Amino acid sequence: MVKDTLMDAVEAGAKVIQQYYHTRFRITHKEGINNLVTEADHESEKAIFEVIRKTYPDHYLLSEEKGAVKTESKYKWIIDPLDGTVNFAHGIPICCVSIGLEIEGRVQMGAVYNPFMNELFFTEKGKGAFLNGEKIAVSNQQEVMRSCLATGFPYVYPEAGKGPADTFGALVKKGIPVRRLGSAAIDLCWVAAGRFDGYYEYSLNPWDSAAGALIVNEAGGKVTDFEGKDYNIYENGLMSSNGLIHDDLLKVVNEHEF
Ligand code: IPD
Ligand code: CA
Ligand code: CA
């Protein structure tokens with residue numbers, strides 16, 4: 001069953017990142033001075049590929065480090081072998097493996113596993129969202145002023161226009177707590193679990209959000225782009241929330257006011 005393979009794959013990746021944690025590993029850089037890639041990213045990816053390929057050798061794989069390994073299959077696995085690499089490299093236990101499964105162009109299943117906190121989030125479209133097997137739901141906070149939010153920032157800051165730092169400033173100047181965990185997949189799962197009332201980010205890749213966005217929706221939350229349209233994992237701008245504060249959060253991102 002595809003669910004078993006998904007579980008085996010996140011577990012295989014998580015086992016690798018646990019083995020490398022707090023050891024001396026090789027680090028290389030991508031665009032942006034602190035955009036790191038460690039041996040653990042590559043080895044986790046290898047382990048995940050092995051698990052999926054053993055059962056489904058013809059499925060399409062889209063993964064952060066290897067890129068797209070295209071096939072004609074209607075099944076596409078969207079993989080972040082280590083989300084939160086900067087945290088990982090600094091020994092901060094907020095990092096995870098994230099895998100979403102797209103079937104005929106729609107994400108239908110997803111899992112996000114942070115082995116350092118022993119938290120495994122799972123969802124299947126139409127069946128709810130779960131943390132370690134227990135059903136989870138978004139918060140019922142109705143006011144942005146009383147919310148606890150999260151965001152993330154790109155490794156290379158966009159030069160033009162009002163950007164993530166201005167939005168962040170608008171919120172913190174009103175006294176609203178905005179956390180920056182450093183793992184988009186975990187941010188989304190924490191919205192789903194009701195820990196955060198909302199999370200937004202300007203620039204993400206499909207592997208950051210494929211699993212997490214479905215987990216938020218299935219926990220009763222809302223995920224859109226910055227115009228309020230249904231979120232597309234291949235486009236920029238993600239707003240997620242418990243649904244109740246969504247319109248106000250969109251106003252903050254677009255007008256720096258609410
Ligand atoms: C990053 C993290 C971070 C987010 C960045 C992502 P990586 O992924 O999810 O929280 O702010 O936009 O690129 O590089 O750790 O896999
Ligand atoms: Ca990532
Ligand atoms: Ca990554």
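Me: How many positive and negative side chains does the chain have, and how far apart are the centres of the two sets?
Reply: This is a predicted model. In it the chain carries 26 positive and 36 negative side chains. The centres of those two sets lie 1 Å apart.

Me: Switching to the fold. How many helices and strands?
Reply: Seven helices and 15 strands. The radius of gyration is 17 Å, close to the 18 Å from the globule rule for 258 residues, so the chain is as compact as a globular protein of that length.

Me: What does the C-alpha trace span along its principal axes?
Reply: About 50 × 40 × 35 Å.

Me: What about contacts between residues at least 6 apart in sequence: what percentage join residues at least 24 apart?
Reply: 60% of them do.

Me: Now the sheets. What is the order in the sheet of eight strands?
Reply: E4-E3-E5-E6-E7-E8-E9-E10, an open sheet with mixed pairing.

Me: How do E8 and E9 run, parallel or antiparallel?
Reply: Antiparallel: three bridges join strand E8 (residues 119–124) to strand E9 (residues 129–131). Thr123 stands opposite Ala129 in E9.

Me: And the sheet of five strands, what order does it have?
Reply: E12-E11-E13-E15-E14, again open and with mixed pairing. Strand E12 (178–179) and strand E14 (222–224) are the edge strands, each pairing on one side only.

Me: How do E11 and E12 run, parallel or antiparallel?
Reply: Parallel, with two bridges joining strand E11 (residues 149–151) to E12. Leu149 stands opposite Val178 in E12.

Me: Backbone angles next. What is the phi of Glu104?
Reply: Positive, about 50 degrees, although Glu104 is not a glycine. For background, most residues other than glycine have a negative phi.

Me: Where is Glu104, and is that residue buried or exposed?
Reply: Glu104 is in the loop between strand E6 (96–103) and strand E7 (106–114). Glu104 is exposed, at a relative accessible area of 61%.

Me: What about Asn118, which phi and where?
Reply: Asn118 also has a positive phi of about 50 degrees and is not a glycine. Asn118 is found in the loop between E7 and E8.

Terms used. Residues numbered from 1 in each chain as written. Chains lettered and ligands numbered in written order. Predicted model: local features only at pLDDT ≥ 70, side-chain atom pairs only at ≥ 80, totals over all residues. Heavy atoms only, no water. Helix = DSSP H or I, 4+ residues; strand = E, 2+ residues; numbered from the N terminus. Rg over C-alpha atoms; globule rule 2.2 N^0.38 Å. Contact = heavy atoms within 4.5 Å. Lys, Arg positive; Asp, Glu negative; His and termini not counted. Charge placed at Lys NZ, Arg CZ, Asp CG, Glu CD. Pairing = 2+ DSSP bridges. Buried < 20%, exposed > 50% of the residue type's maximum accessible area, 1.4 Å probe, protein only.
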